[in-house]
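Dear colleague,

Please find below the structure that I am handing over to you. My notes on it follow directly after the model.

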Amino acid sequence: MIELKYLSAGYGGKPVVEDVSLSFPAGEVTVLLGPTGSGKSTLLKAALGLIDSGREQVFYDGVPIEKLTRRQVARQAALLAQARQEAEIQAERLVLHGRFPYLAYPRQYSEKDKEIARQAMERTGAAAYAQRLVSQLSGGQRQSVYLAMLLAQQTQTVFLDEPTVFLDICHQLRLMEWVKLLAKEGRAAVMVLHDLPLAMEYADRIALMEQGKLVFLGTPEQLYASGKIETVFGIRFTRIQGEDGMHYFCSRKEETP
């Protein structure tokens, strides 16, 4: 399990995240919520050792991350980043990149690596366009390829930074269901989202951030009862009980003339 203990991190000596303690248990979907600039993506990067944080603030199964090699970290946690280039590479070759942490130099893929990548593509629906260039795929198709690469990395923890951006609603729901399935299989899934209703409907736990600090951690039900979403985002937040569960809705607060 990955744990953050009093984590502070930022850029150029300026903290963006301050004094955050948080863990990511296996079998749960943890969603990071917060306004733009609240430190969500910075927290993910610090958890992966991609930016500097204080010594002994990030732990992998009790071991400080600074005592692990990049390859050891990559065998335990994978990241689906928000910003990605439209790669001029065949989809199946990109998915094989998920096997990099397990390869010695020079990189030679084994039959096992190829089989793992193939199974990952079948699982995410990307096998149908394995031979096509990623740059020629639609947004939903590209996302399925990157998800397959994430799956091929075979890590216990997966981090996804705004994975629903630029996806239509059908692909958004499909992705959220896929992430829930990973958690049910025993992985820890950690997502940065701006879509509040999606977060409330699919998360097991929500970590709400504001100005670099963790201001709430709990279930969606507990978060709704706290009223903190309305306070932090300055909105009205309501819900309706439907036949298939609770559904959430956002609206602007009425402004006083």
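**Findings**

Helices (H or I, at least four residues) and strands (E, at least two) are DSSP runs, numbered from the N terminus.

Before the details, two remarks on the source. This is a predicted model, in which local features need pLDDT of at least 70 and side-chain atom pairs count only at pLDDT 80 or more, while totals for chains, interfaces and linings use all residues. Residues are numbered from 1 along each chain as its sequence is written, and side-chain values use heavy atoms, with hydrogens and water left out.

**The chain as a whole**

The secondary structure of the protein chain amounts to nine helices and 12 strands. Its radius of gyration is 19 Å, close to the 18 Å that the globule rule gives for 257 residues, so the protein chain is as compact as a globular protein of that length. The radius is taken over C-alpha atoms, and the rule is 2.2 Å times the number of residues to the power 0.38. Along the principal axes, the C-alpha trace spans about 65 × 45 × 30 Å.

Of the 257 residues in the protein chain, 46% are buried. Here buried means under 20% relative accessible area, exposed means over 50%, and partly exposed lies in between (1.4 Å probe, protein chains only). The protein chain exposes about 13200 Å², of which carbon and sulfur atoms supply 49%. Accessible areas come from the Shrake-Rupley method with a 1.4 Å probe; for residues, only the protein chains shown count as cover.

Among contacts in the protein chain with a separation of 6 or more, 62% are between residues 24 or more positions apart. A contact means heavy atoms within 4.5 Å.

As for charge, the protein chain carries 30 positive and 30 negative side chains, and the centres of the two sets lie 5 Å apart. Lys and Arg count as positive and Asp and Glu as negative, whereas His and the chain ends are not counted. The place of a charge is taken as NZ of Lys, CZ of Arg, CG of Asp or CD of Glu.

**Strands and sheets**

An open sheet is formed by four strands in the order E2-E1-E4-E5, with antiparallel pairing. Strand E2 (14-24) and strand E5 (63-64) are its edge strands, each pairing on one side only. Two strands are said to pair if DSSP finds at least two bridges between them.

Within this sheet, strand E1 (residues 2-11) is joined to E2 by seven bridges, the two running antiparallel. Ala9 stands opposite Val17 in E2. E1 and E2 form a hairpin with two residues between them, and Gly12 in the turn has a positive phi of about 60°. E1 also pairs with strand E4 (residues 58-60) in the antiparallel sense, over three bridges; there Glu3 has Phe59 in E4 as its bridge partner.

Strand E11 (residues 235-242) pairs with strand E12 (residues 245-252) over eight bridges, again in the antiparallel sense. A hairpin of two residues joins E11 to E12, and Arg236 has Ser251 in E12 as its bridge partner.

**Backbone angles to check against the model**

Most residues other than glycine have a negative phi. Asp19, placed in strand E2, has a positive phi near 55°. Gln211 likewise has a positive phi, near 50°. Gln211 is in the loop between strand E9 (205-210) and strand E10 (213-218) and is exposed, with a relative accessible area of 69%.

**Buried sites**

Helix H1 (residues 40-47) is mostly covered, with six of its eight residues buried: Lys40, Thr42, Leu43, Leu44, Ala46 and Ala47.

Thr157 lies in strand E7 (residues 157-161) and is buried, with a relative accessible area of 3%. Leaving aside neighbours within four places in sequence, Thr157 is in contact with Ile2, Gln76, Ala77, Ala78, Ala188 and Val190. Thr157 and Ala46 are 111 residues apart in sequence and 14 Å apart in space, C-alpha to C-alpha.

Asp113 is found in helix H4 (residues 111-124) and is buried as well, with a relative accessible area of 5%. Not counting residues up to four places away in sequence, Asp113 touches Leu96, Arg99, Leu103 and Gln108.

With kind regards
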